[in-house]
Amino acid sequence: MALEAVVAGSLPLASETSLGFAQAILRDRGGLFASALPSGDLDYGGIPALARVGYLAGGSEFDASAFARAVDRLRGRSKGGRGELGTDDLALLGIATGIAAAGDTDGLGAERSKWLLGIANENTEPDAWSNRARQLAADLLDGAGRLRADPQGSVDALATDLVLRQYWPNAFATVTPFAAERRQELMAALLSSVNPAQGELERGAIWLATLDLLVRRMSVELVPDYSSLVAMLEATQSAFRRWVWDVKPNRSGIGPARWLIDSEAHVQAFLWAVLEPRFGENLVDEQYLPGFGQKQPRFDFGIRGLKTIVEVKIARSAGDFSRIEEEVAGDLGLYFTDLRNWDRMIVYIYDDSNVPHAERYDTLRSALMQRDARIRDIVFVQRPGMIPPRNQRGPWSADGSVGRLTPSTSLE
């Protein structure tokens, strides 16, 4: 790929700052940096080495104390590094990343942050493609929310924004998501523009990282993978925020709309509505498997293209968690008799307990995943808060008031 060649060919003459930045945003392509120089020398490498070590702060070799001492030496210079740092947005980001990671173990963390923040607030060039990196550096230090300003400008500026969101996600937690239309426009612009030249490591790395992100995202949207399936199932908890449970009727003579989830069949119907639009004909439900003797196992959902079974369970009391473990364990051997079709499972557990038993989640998760390596994920979802406890669910009169339960309608 041409951009890979640009990045690889730019490494030998690149500054330590550029190397650190490129390594940070191309961490999934670590092989590109096999021949790059080792991490910067904090004693003699100056600002570029300090920035590179800051970019690598997430690694196990990061020495927070040594980094803090190097920052203090820089602060102690006559101009405090302002001349060299003032216009170098990427060096500011590297050092800010390191300061944020080092924390305040010696009581001087606030002073270091204040020093670098002062430099970051000087000599700003809003139209520079790297200005987003300066904003991120400042927000890492004080969390003031500069990143909430919508980025404008060149393809480089937008690509930089997208990449920074990926690798510094916490700083972008309150920032408006990168719109799908903007991703499409950015992809088209990158593919139709002239690539960065040899020696432009920073821009080359940004373009390569951006295309990696866009291609991966678009591939997942076209053909959801296993990770996407797990994410969809986990996201069903937040989907309950708009669950329908009217207090009063909307029309005269018609009872209030209430979407009751009261059985595994109800949970299955909800999940079908979530999964079918994404997986289409790859989604199958309640498929019978080859049985043995009187046992005829049937799983709840299968995603054929992913060879994944989704097993749905409902818990109503603390004792149900042990029952769920036994039921899943009892069917494992039958579910996976034909590994050509199914080779892994997700267990989706809807907690309908009147008092949620969240403390039991990790215990059950550990027990199931240790029992068989083919059980890959356990997803726990608690019932929507607007659905009342089971003994208060109905029947309802036309005006929405709760009637008395009769023996024929009593719930577990």
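This is a predicted model: local features need pLDDT of at least 70, side-chain atom pairs count only at pLDDT 80 or more; totals for chains, interfaces and linings use all residues.
1. Helix α10 (residues 180-192) packs against helix α11 (residues 201-222). Their axes are 11 Å apart and meet at an angle of about 130°. That angle makes α10 oblique to α11. The crossing of α10 past α11 is left-handed.

2. Which residues of α10 meet α11? From α10 come Arg183, Gln184, Leu186, Met187, Leu190 and Leu191. On the α11 side they meet Trp207, Thr210, Leu211, Leu214, Val215, Arg217, Met218 and Glu221.

3. Arginine 182 also deserves a look. Its charged end sits over the ring of phenylalanine 178. The distance to the ring centre is 5.9 Å.

4. Now the aromatic rings. How many aromatic pairs does a search of the whole structure find? The search finds 11. One of them joins phenylalanine 21 and tyrosine 55. Their ring centres are 5.7 Å apart. The planes stand at 65°, so this pair is edge-to-face; the cut-off for that class is over 60 degrees.

5. Where do these two residues lie? Phenylalanine 21 is in helix α2 (residues 16-25), and tyrosine 55 is in helix α3 (residues 46-55). The pair therefore ties together parts that are 34 residues apart in sequence. Phenylalanine 21 is buried, at a relative accessible area of 0%. Tyrosine 55 has 6% relative accessibility and also counts as buried.

6. A second pair to check is tryptophan 243 with tryptophan 259. Here the ring centres are 5.3 Å apart. The planes are at 85°, so this pair too is edge-to-face. Both tryptophan 243 and tryptophan 259 lie in the loop between α12 (226-239) and α13 (264-279). The pair ties together parts that are 16 residues apart in sequence.

7. Is each of these tryptophans buried or partly exposed? Tryptophan 243 counts as buried, because its relative accessibility is 14% and the limit is under 20%. Tryptophan 259 is at 46%, so it counts as partly exposed.

8. Tryptophan 243 and tryptophan 259 also belong to a cluster linked by ring pairs.

9. One backbone point remains. Lysine 307 has a positive phi of about 55°, although it is not a glycine. Where is lysine 307 found? It is in the loop between β2 (301-303) and β3 (308-315). Lysine 307 counts as partly exposed, at 26% relative accessibility.

Conventions: Residues are numbered from 1 along each chain as its sequence is written. Side-chain values use heavy atoms; hydrogens and water are left out. Rings of Phe, Tyr and Trp (its six-membered ring) pair if their centres lie within 6.5 Å; planes under 30 degrees apart count as stacked, over 60 as edge-to-face and the rest as tilted. Helices (H or I, at least four residues) and strands (E, at least two) are DSSP runs, numbered from the N terminus. Buried means under 20% relative accessible area, exposed over 50%, partly exposed in between (1.4 Å probe, protein chains only). A charge sits over a ring if NZ of Lys or CZ of Arg is within 6 Å of the ring centre and within 35 degrees of the ring normal. Axes are lines fitted to C-alpha atoms, for helices over the stretch in contact, and angles run from 0 to 180 degrees between N-to-C directions. Angles under 35 degrees count as roughly parallel, over 145 as roughly antiparallel, 65 to 115 as roughly perpendicular and the rest as oblique. A crossing is left-handed if the near helix is turned anticlockwise from the far one by less than a right angle, and right-handed if clockwise. Contact means heavy atoms within 4.5 Å.
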